[in-house]
Every structure is written in C-alpha cells, then in structure tokens.
Amino acid sequence: MSRWDILWDHRATIIRGFENTLILFSVSSVAAFLLSSAIVLVIQTHRGALSGFFRTIVDGMRMLPFLMYAYILYYGLPSLGIRLDAWTAGFIALITYHAAYFAEILRGTWATLPKGQTEAARAVGFGNLAMYRRVILPQLMLRTAPVLGNQLIVCLKDTAFLMIITVRELTAAASAVQSTYFIPFEAFVVAIALYWLTSMAIEVLVARIGLVAERRGLGYGHVDSRR
Amino acid sequence: MDQAAFSALLAGAWTTAWISAIAIAVGVPLGLALALLREARVPVVGHLIVLYVSLGRATPLVTLVLFIFLAAPLFGFPLDRYTAAVITLILNTAAFNAEVWRAAIRGFPREQVEAARAAGMTRPLYFRRIMLPQIWITSLPGLVNEMTFLIKASPAIAVIGIVDLTRVTNRIAAVTYEPLPPIIAAAVIYMVLISAFVRLQRRLDERAHRLTM
C-alpha cells in the first residue's frame with residue numbers, strides 16, 4: 001500500500017481537522033471584526049479613560065506573539081482560578097487578538113476620512129451609533145478590504161498555533177496521522193495545500209469587495225490620491 | 001521565580017534572538033534576489049517565484065516547521081531541530097521580504113536608469129551605486145515590519161522541541177508549579193523586543209518619507 005493510500009484511508013481525520021480549522025477561523029474572524037468595530041467606535045468617539053484603555057490594549061496586544069497570548073489564557077489563567085478548555089481558550093485568544101489588529105486597521109483608515117462627512121451626518125440628525133453603522137463603517141470596510149484580507153490570512157495561520165494548546169485542528173490532525181503511520185511528507189503537503197486553498201478563497205472574496213469599492217469610488221488607489 | 005528560572009528565561013530569549021537574527025540576515029538579501037529575479041521577467045522562474053511567495057504567505061509556520069523537520073530525512077537530508085527551524089523561518093520571511101523589495105523596485109523612477117545608461121554605467125554598477133542605496137531606504141521600514149512579524153511567529157519552532165522564549169515557560173512551570181509568573185515575564189520580554197523594532201520602523205519611515213519628498 002502506498003503512502004498516499006494510507007493517507008486516503010485516514011482522510012476522515014484530516015477532514016475533521018480541516019473542518020475544525022475552518023470553524024475556528026470563520027467564527028473568530030467574524031467575531032473579531034464585530035468586536036473591533038465596537039472598540040474603534042469607542043476609541044474614536046469617546047474622550048477619556050475608556051478610549052485610552054482600549055488604545056493601550058490594542059497597542060499592547062499587537063506586540064505580543066499569538067502563541068504567548070494563548071499560553072497566558074490556557075496555561076496562565078488556571079493560576080488565578082480560571083480554567084478554560086482548549087477550544088474556549090483558542091476562541092478567546094483568536095477573537096481578542098485579531099480584534100486588536102482589525103481595530104488598528106479600521107482606526108487608521110477612519111483618521112483619513114474627510115471631516116466634513118461626520119459634520120454633514122450630524123447636521124442631518126445622525127447620532128453616533130447610526131452614523132457609524134450607516135456612514136463610516138461601510139466605507140471603512142470597503143477601503144480597508146485589502147489590508148483586512150491580509151490580516152484574515154494571518155488569522156487563518158494563527159489557528160495552527162492552537163495545536164500546541166491541544167486543539168485538534170488541521171495541523172494537529174496531519175501530525176497525528178503522520179506520527180502513527182510515519183508519512184510526514186504526504187500528511188503535511190495535504191495540510192499546506194488546504195491552507196493555501198483557503199487563503200486563495202479569502203483573496204478571491206477580498207478582491208470581490210475591492211471591485212465593489214472601486215465601483216463606488218472608494219478604491220485603494222483613491223485613498224492614496226487623497227493623502 | 002528564583003535565579004534558575006531567570007537564567008532559563010534568558011537562555012530561551014537568547015535562542016529566540018539568534019534563530020530570528022540568522023533568519024533575518026539571510027531572508028532580507030534572499031528576498032531581494034527573489035524580487036530581482038521576478039522583475040527580470042524570466043519566463044518559468046518568474047512563475048515559480050510567484051508560486052513560492054503565494055505558498056509562503058499562506059502556510060502557517062507550525063505546519064511548515066513540522067513538514068521540514070520530519071520530511072527532510074526521507075529525502076536523505078537529516079536535519080537537527082535548529083537547522084530545520086532556521087530554514088523554516090528563512091523560507092517564510094524571504095517570501096514576505098520579496099514583496100517589500102518588489103514594491104520598492106516597481107516604484108523606482110525609470111529616468112534614473114536612462115540617465116545612468118547615458119552616462120555609460122553598466123547595469124550591475126547602476127544597481128550597486130544608484131538603485132540599491134535608494135530602494136534600501138524605501139524598503140527598510142517594510143523590512144523591519146516583517147522582522148516584527150517574524151519574531152511574533154517564531155514561537156512556532158517550539159513545536160519541534162526547541163526551547164525558545166515561549167516554550168521555556170513550560171519548563172520553568174514544570175519545576176515551580178507556578179505557570180503565570182514565567183509566562184508574564186516572557187510576554188514582557190517579547191513586548192520590549194517588538195516595541196524596539198516598532199520604534200525603529202517609525203524612525204526609518206520618517207527617513208524614507210524625507211527621501212521621497
């Protein structure tokens with residue numbers, strides 16, 4: 001029996017790992033985006049302690065390696081009496097870590113939006129929240145699409161770190177199959193191909209959003225020309 | 001944490017630092033070579049580099065380091081863990097650096113090559129004296145940014161048993177039964193290291209902007 005046949009016989013393990021990776025990635029990236037939108041609203045519209053607090057968290061988080069952060073949640077917190085299982089720790093780590101990166105991307109772009117927009121929105125009676133949801137956030141999403149896309153790929157790759165805190169995702173599945181049957185080449189080539197396909201799917205999606213942005217005159221080149 | 005824990009922590013930090021430093025020292029010029037080869041528009045080589053960069057951007061370091069460490073012996077290249085870790089980080093960072101260099105090469109004004117040719121400069125001389133000193137300054141902020149990403153991704157090498165700044169916290173906790181203090185201490189060391197790079201990047205960015213003004 002060839003090595004590829006062995007891998008094919010154990011495809012169920014790999015597929016389950018891939019499903020777990022996709023679940024971790026999709027749930028975390030959507031939740032991280034929602035969380036980051038809320039954080040940016042606070043940072044940009046509140047003056048005072050809360051805004052400063054979030055800015056510090058966002059800056060600090062971006063100086064921490066993802067695995068170190070996952071270690072704090074999974075191995076560190078039990079010392080304080082907070083015991084999380086690997087999946088919960090993994091989700092919390094992915095969501096809050098990437099929310100910090102998304103928040104920084106959105107905040108940076110908001111700063112480049114023309115001030116007149118906010119004034120016009122207020123003049124026609126928009127409150128903070130309605131203005132953010134209807135005027136600011138849609139523009140930020142369209143304008144930052146390429147950068148957000150890169151960050152989404154980082155988020156996808158960070159799911160692999162979670163195998164170290166015992167989450168059974170794709171790399172852990174490939175590692176389990178290879179160690180039992182000693183087929184490291186085949187197992188990891190398949191894993192890498194699956195990560196690659198997923199990241200290309202993300203890029204296609206981001207390019208679609210880019211087209212919408214271009215049609216509405218919010219393209220990437222447009223942002224640069226205004227600076 | 002006692003004296004032994006502190007020296008273990010420093011040893012872990014040193015492991016992270018020297019492995020990352022080698023990866024940066026090789027990955028930056030390798031990225032430039034890849035970018036130049038790609039811009040030279042050699043038919044097959046160009047496509048291979050595009051494929052390499054695309055794969056490099058999409059592959060998690062944890063997966064790549066396991067692949068290289070475990071699969072290389074099958075092809076007659078048994079690697080020790082440290083060599084496997086260094087090769088992995090080089091392959092990864094070179095893909096990202098190639099993109100930074102390529103952006104600088106593409107944005108480089110054409111008039112300069114024409115002027116250099118008119119003055120009788122050969123292509124290699126033009127590259128060394130005119131182009132490289134300028135694209136070096138415009139690329140450096142981006143390259144330093146990639147260095148921070150490399151350091152943040154480097155804990156992946158712990159998966160093949162290297163006791164770096166991340167994994168050393170497990171070792172210390174196994175003795176003291178107190179995981180939180182070493183983890184916090186390691187996190188602080190990472191933050192100090194990375195914030196130094198971020199400050200450096202800001203300063204280099206200002207210099208690059210002055211050049212393009």
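Predicted model: local features only at pLDDT ≥ 70, side-chain atom pairs only at ≥ 80, totals over all residues.
Biologist: Thanks! Which secondary structure elements does chain B have, helices or strands?

Modeller: Start by counting the elements, then read their order. Chain B has 8 helices and 0 strands, giving the pattern α-α-α-α-α-α-α-α along the sequence. Its C-alpha trace spans about 70 × 45 × 25 Å along the principal axes.

Biologist: How many of the residues of chain B count as buried?

Modeller: Burial is judged by relative accessible area, with under 20% as the cut-off. In chain B, 48% of the 213 residues count as buried. The chain exposes about 10600 Å², and 66% of that comes from carbon and sulfur atoms.

Biologist: And what do the contacts in chain B tell me about sequence separation?

Modeller: Look at how far apart in sequence the partners sit. Taking contacts between residues at least 6 apart, 78% join residues at least 24 apart.

Biologist: Which residues form a salt bridge between chain A and chain B?

Modeller: Here we look for oppositely charged side chains within 4 Å. The count between the two chains is 1 salt bridge: Arg57(B) pairs with Glu203(A), and their closest N and O atoms are 2.5 Å apart.

Terms used: Residues numbered from 1 in each chain as written. Chains lettered and ligands numbered in written order. Heavy atoms only, no water. Helix = DSSP H or I, 4+ residues; strand = E, 2+ residues; numbered from the N terminus. Buried < 20%, exposed > 50% of the residue type's maximum accessible area, 1.4 Å probe, protein only. Contact = heavy atoms within 4.5 Å. Areas by Shrake-Rupley, 256 points an atom, 1.4 Å probe, with all protein chains shown as cover.
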